[in-house]
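Open the model in your viewer and keep the selection tool ready. The tour goes stop by stop.

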Amino acid sequence: MRKYILPALLLFLFILESMSVDFFGLHEISEDWTIVPRYMLIVIVLCAIYTSPYVGLICAMLFGFLYDMVYTEILGVYLFAFGVSVYIISGILRFVNTNYLISFILVLLSITITEHLVFGIHSLIGTTQMLHSEFLYMRVVPTLVFNAIIALILLFPVKLFMERLAIEQKDEL
C-alpha cells in the first residue's frame with residue numbers, strides 16, 4: 001500500500017502547482033517576472049537523492065510526460081527536461097555526500113537545468129523570442145527564489161518520508 005503514496009503525492013503536487021499560482025498571487029507580484037512553482041520536481045529530485053536514482057528518473061519521465069500532456073502543446077519537452085535534470089543530479093550524487101545543504105543545492109540546480117532546457121528547446125524551435133538575459137532576469141531568478149523557499153519547507157519532511165520509503169523497499173526485496 002505504501003508504494004502508492006509517492007505517485008499520489010506527486011499527483012497532488014502536480015495539481016497544486018497550477019493552483020498555487022492563483023493562491024499565492026504569483027502573477028501579481030511583478031508584471032515582468034514569471035514565477036513557476038516546481039513542487040513536483042523538488043520532490044522527484046529528493047526521491048532520486050534519498051531513495052534511488054532509478055525511481056527518481058522513472059518518476060521524472062512519467063510526470064514530465066503528464067506535464068507535457070496537460071500544460072504544453074509540444075509533447076516531450078518536459079519529459080526530456082525533467083529526465084535529463086534528474087539524470088544529471090543522479091550523476092552528481094556519485095561524487096558528493098548528501099546532507100541538507102547539498103540536497104538543497106541539488107534541488108536548485110535541477111530547477112535551473114530544467115528551466116534552461118525548456119528555454120533552449122523553445123528557442124531552438126522558434127516558439128520564444130526572449131533573449132537569455134531577459135530569461136534569466138524575468139524567469140529563472142524569481143523561480144529559483146520562490147522554489148528555494150518551498151524547498152526549505154519541504155526538505156526535512158520529504159527526506160524523512162523518502163528514507164522510510166527506501167527502508168521499506170529494501171525490506172520487500
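Buried means under 20% relative accessible area, exposed means over 50%, and partly exposed lies in between, with a 1.4 Å probe and protein chains only. This is a predicted model, where local features need pLDDT of at least 70, side-chain atom pairs count only at pLDDT 80 or more, and totals for chains, interfaces and linings use all residues. Residues are numbered from 1 along each chain as its sequence is written, and side-chain values use heavy atoms, without hydrogens and water.

**The cysteines.** Select Cys47. This residue is buried, at a relative accessible area of 1%. How far is the sulfur of Cys47 from the closest cysteine sulfur? The distance is 4.9 Å, to Cys59, too far for a bond. A disulfide here needs two cysteine sulfur atoms within 2.5 Å. The structure holds zero disulfides.

**The nonpolar patch.** Next, select Phe65, Met69, Val70, Tyr71 and Leu75. Together they make a nonpolar surface patch of about 470 Å². Patch residues have over 30% relative accessible area and no salt bridge; like charges are joined within 9 Å, nonpolar side chains (Val, Leu, Ile, Met, Phe, Trp, Tyr) within 5 Å. A salt bridge is a Lys or Arg side-chain nitrogen within 4 Å of an Asp or Glu carboxyl oxygen. Areas come from the Shrake-Rupley method with a 1.4 Å probe; for residues, only the protein chains shown count as cover.

Zoom in on Phe65. It sits in helix H3, residues 53–71, and is partly exposed at 35%. Helices are DSSP runs (H or I, at least four residues), numbered from the N terminus.

**Last stop.** Go to Phe156, in helix H6, residues 132–172. Phe156 is partly exposed, at 46%. Then pick Tyr100, 56 residues away along the chain: the two C-alpha atoms are 7.9 Å apart.

How values were computed. Helices (H or I, at least four residues) and strands (E, at least two) are DSSP runs, numbered from the N terminus.
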